[in-house]
Amino acid sequence: MASRNSAGKPLKLAPVLDLNEATALHNKLLELKGAPIAIDASAVERMGSLCAQVLMAGAKTWEVDQLSFTFAKVSDAFVKATQLIGVDIAPLMAKEI
Amino acid sequence: MDMNEIKEIFFQECEEQLAELESGLLKLNDGDRDPETVNAVFRAVHSIKGGAGAFGLDDLVSFAHVFETTLDCVRSNRLEPNQDVLKVMLRSADVLADLTNAARDGGGVDEARSRQLIKELEALANGEMPQPGAPEIAKAVAPAAPAPAVNDDGFQPVAFSFDEFEASEPPAIEPSTYEIVFSPKSELYAKGNDATLLLRDLSRLGEMSIRCDMDRLPALEEMNPEAAYFSWEISLKTEKGEEAIRSVFEFAEWDCDLDVTLVSGDASGAGEELPMHPVPFDLSLLDEEAPSRGESAEEDEEMVSQQRDPRSAAASAAATASNVLQMAQTAARAPLENAKVASTASAAQAAAQQAASAAQPTIRVDLDRVDRLINLVGELVINQAMLSQSVIENDTNGTSSINMGLEELQQLTREIQDSVMAIRAQPVKPVFQRMSRIVREIADMTGKSVRLVTEGENTEVDKTVIDKLAEPLTHMIRNAVDHGLETPEKRVAAGKNPEGTVRLTAKHRSGRIVIELADDGAGINREKVRQKAIDNDLIAADANLSDEEIDNLIFHAGFSTADKISDISGRGVGMDVVKRSIQALGGRINIQSKPGQGSVFIMSLPLTLAVLDGMVVTVANQTLVVPLTAIVETLQPEASAIHSFGASQRLISIRNSFCPLVDVGRILNFRATQANPVEGVALLVESEGGGQRALMVDAIQGQRQVVIKSLEANYTHVPGIAAATILGDGRVALILDVDAIVAASRGQTLKPEMTLAATG
């Protein structure tokens with residue numbers, strides 16, 4: 001719980017998070033592992049289940065590492081996609097400053 | 001993996017499915033009533049439809065859908081797969097193959113044909129074909145799902161299949177709540193489907209609440225980003241009924257576990273024990289939901305843990321104190337659980353993979369890679385030959401250990417070569433299967449009744465040969481059915497079975513593959529062929545030809561005996577094209593015909609196009625290779641056996657028969673004057689007409705296996721020369737095209753400019 005207050009390294013998500021993007025996203029997350037992360041999902045237009053899986057696995061892993069994993073910014077489409085597939089990102093949303 | 005790759009895989013799979021479909025239908029046609037066969041056929045069509053749906057190939061989907069619906073009637077025993085039904089289905093399989101090809105390569109399909117078939121299939125599905133016991137079923141089915149009429153704009157999808165639909169369950173008008181458990185398998189994603197899209201379609205059916213089950217999700221490092229971990233429990237309130245729900249998943253049916261249960265007629269029954277997130281239709285709704293809470297760092301972390309436990313997470317809207325406590329406990333348990341989840345998930349994955357691979361452990365390899373390997377092995381063989389030659393030249397003492405080592409190396413290279421060639425070897429089955437379709441189509445067009453019997457489908461031959469075999473074989477099959485077989489009336493009049501038989505056989509014989517195509521038709525009408533040849537100035541009116549030579553006239557360009565030109569054959573482009581394609585493959589074609597009993601075409605092809613056993617000969621100081629398969633015998637001519645006739649022709653008498661003597665050096669323009677036959681060696685070769693010719697060469701150097709290097713690819717085509725090779729001493733030797741040489745000796749001279757190229 002040490003590094004709670006830092007904003008975390010930024011990770012900007014690609015607009016289209018479809019099946020093709022899952023592996024790339026997975027690699028990007030693995031690279032950033034070990035430090036707090038703040039995900040910018042503001043450009044997301046579309047997200048498929050595979051990318052959602054990767055993000056959630058990331059959230060889980062970061063949580064085990066006791067590091068912060070937040071969605072700093074989200075697009076409507078991103079939120080809608082998470083709602084559609086029943087993934088609740090509310091707890092991961094960044095605090096309003 | 002990008003989309004094109006996935007699409008390519010889809011088309012590869014389609015090919016396999018189509019083969020499966022056809023062989024299944026043929027089995028049914030032969031009276032096989034094994035439910036597994038019907039299932040296999042159904043699955044094949046279904047998979048094609050599913051994949052096509054994922055890629056938006058609408059024509060393919062709508063046709064496959066109708067086809068599938070009818071097959072489903074067979075599967076559920078509502079439709080007896082008799083000969084008439086199977087005829088329609090086999091034709092549908094053909095159209096399905098056409099549509100698949102059109103989707104892959106572009107190009108059009110015969111729309112009238114597919115529309116007609118859709119109508120026939122629908123008629124079958126609606127039980128319109130009188131079947132024992134069918135009427136009452138038809139009655140039950142027909143009103144439930146009246147198939148939309150097909151209009152002229154194209155095909156229309158019909159209502160979804162009847163199998164899940166119980167007649168006792170009326171179409172729901174009152175909204176009912178269904179509980180759906182949807183667990184996609186990794187294959188779903190591998191095929192380019194996305195669960196999100198399925199869920200989106202589902203959400204459009206009514207009021208939906210969803211719970212995502214993330215229990216199987218492993219840690220980031222352990223996960224495969226393209227595998228399926230999420231599964232969903234969905235509560236859906238809809239008035240559209242269960243079939244509508246299932247139809248959302250129909251393209252993914254084989255790639256997921258799906259469970260749909262009706263909970264109650266009125267809403268909100270299921271939601272209580274499993275807290276779910278409602279899926280809003282309205283985007284603006286999320287603005288209120290997007291929370292700005294979690295003041296402290298601790299709480300934030302607990303929120304993360306909440307994410308992992310969906311049951312608790314569901315209640316997140318109001319994070320009460322008790323909740324926080326509960327979640328803190330969950331968080332403490334988390335690492336343990338994580339490890340457990342990860343291990344079970346990977347175990348399950350491994351088991352699934354094992355199940356999938358148990359079927360047939362094969363791999364798909366890019367053909368280019370195999371070709372590169374073959375090429376390298378070819379170089380190795382050449383190199384090995386060079387090495388042994390230089391050892392023999394430089395080491396006259398013949399150190400036995402070196403020689404033994406070389407021999408072993410030679411054996412090893414030969415073995416490597418054989419194994420590599422075996423990689424490219426494929427059974428001829430797919431080509432034969434395609435032929436059964438050709439037979440069906442031609443039989444339909446000509447109104448003849450034909451049975452295709454195939455033998456030796458598992459005979460293996462090089463992939464290149466297989467690929468190039470399809471075209472000549474198609475021509476020949478068309479000819480056999482169109483020209484060879486008589487009409488049923490004539491057959492009956494001749495005392496034969498009205499159903500004609502075309503027999504396609506493949507077998508190995510002395511290092512070559514022999515493919516025979518036999519029909520039991522009328523045989524070649526030699527008088528007519530002869531007359532036609534005279535009319536077309538192919539032969540002199542008074543030419544004296546043997547039966548065999550007359551039969552072989554049909555291989556001449558521009559020759560057709562059909563009285564009228566039909567759509568199928570008779571344009572006179574058939575048999576000479578066949579012959580050229582077979583020759584291009586290094587093969588020979590022969591014909592045997594018995595009047596009234598039918599004709600047999602015999603093709604003999606090399607098993608591979610990469611290596612060849614050849615006889616190395618010298619002609620006018622040039623080294624040439626003559627394919628061993630062409631050589632019947634070799635002999636040293638004696639002066640007394642040589643007879644001259646005409647200006648420059650010579651014959652050699654062998655065992656009381658005369659055989660034209662062909663001076664290879666003269667024909668290839670290697671020398672200006674004819675060589676003295678007594679100083680050289682004669683190679684007796686089998687020519688295309690079945691007759692023999694004696695090829696004159698200066699000397700025989702020996703016999704060896706050579707690696708074929710294409711002359712066309714590396715230089716340019718040279719008439720009279722089939723290809724080139726590299727000898728042990730590093731020199732290039734040309735491989736003789738025996739048939740071209742023989743043809744040239746008949747007076748059809750090789751083109752002069754090309755001949756210059758040959759000498760240059």
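Which feature does UniProt place at H46(B)? The entry, which is unreviewed, gives "modified residue: Phosphohistidine" at H46(B); UniProt positions are in the numbering used here, feature names are shortened, and annotations may be inferred rather than shown by experiment. This is a predicted model, in which local features need pLDDT of at least 70, side-chain atom pairs count only at pLDDT 80 or more, and totals for chains, interfaces and linings use all residues. Residues are numbered from 1 along each chain as its sequence is written, while chains are lettered from A and ligands numbered from 1 in the order in which they are written.

H46(B) itself sits in helix 2 (residues 35-54) of chain B. Helices here are DSSP runs of H or I with at least four residues, strands are runs of E with at least two, and both are numbered from the N terminus. With 23 other C-beta atoms within 10 Å, H46(B) is buried. That word applies when 20 or more other C-beta atoms lie within 10 Å of a residue's own, exposed means 12 or fewer, and partly exposed is in between, with C-beta atoms placed from the backbone. Leaving aside residues up to four places away in sequence, H46(B) touches E68(B) and W254(B); a contact means that the two C-beta atoms, placed from the backbone, lie within 7 Å.

Chain A comes next. Chain A has three helices and five strands, and from the N terminus on they run β-β-α-β-β-α-β-α. Of its 97 residues, 54% count as buried. Among contacts in chain A with a separation of 6 or more, 83% are between residues 24 or more positions apart. In the loop between helix 2 and strand 5 (69-74) of chain A lies Q66(A), whose phi is near 60 degrees, a positive value in a residue other than glycine. Q66(A) is partly exposed, with 14 other C-beta atoms within 10 Å.

In soluble globular proteins, nonpolar side chains tend to be buried together. A nonpolar core is taken here as a set of buried Ala, Val, Leu, Ile, Met, Phe, Trp, Tyr and Cys residues joined through C-beta atoms within 7 Å. The largest one has 65 residues, and C51(A), V54(A), M56(A), I85(A), L199(B), L202(B) and I234(B) touch the most other members. Helix 2 (residues 49-64) of chain A gives the most to this core, nine residues in all. Not counting residues up to four places away in sequence, I85(A) touches S49(A), A52(A), T196(B), L199(B), I210(B) and C212(B). A second, separate core holds 44 residues, including I652(B), I667(B), A722(B) and V738(B).

Strand 3 (residues 231-238) of chain B is mostly covered, with six of its eight residues buried. Strand 1 (residues 176-184) of chain B runs antiparallel to strand 3 of chain B, and seven bridges join them; two strands pair if DSSP finds at least two bridges between them. I180(B) has I234(B) as its bridge partner in strand 3 of chain B. Strand 2 (residues 206-213) of chain B also pairs with strand 3 of chain B in the antiparallel sense, over eight bridges, and here C212(B) is partnered by W232(B).

Further along chain B there is an open sheet of six strands, in the order 15-19-20-18-17-16, with mixed pairing. Strand 15 (631-635) and strand 16 (642-645) of chain B each have a single partner strand, so one side of each is left without a neighbour in the sheet. From one strand to the next, the twist averages 35 degrees. Strand 16 of chain B pairs with strand 17 (residues 649-654) of chain B in the antiparallel sense over four bridges, and S644(B) stands opposite R650(B). Helix 24 (residues 738-745) of chain B packs on the sheet, touching strand 18 (657-663), strand 19 (681-686) and strand 20 (692-697) of chain B. Its direction makes about 100 degrees with that of strand 18 of chain B, where axes are lines fitted to C-alpha atoms, for helices over the stretch in contact, and angles run from 0 to 180 degrees between N-to-C directions. In the loop between strand 17 and strand 18 of chain B is N656(B), which has a positive phi of about 65 degrees although it is not a glycine. N656(B) is exposed, with 5 other C-beta atoms within 10 Å.
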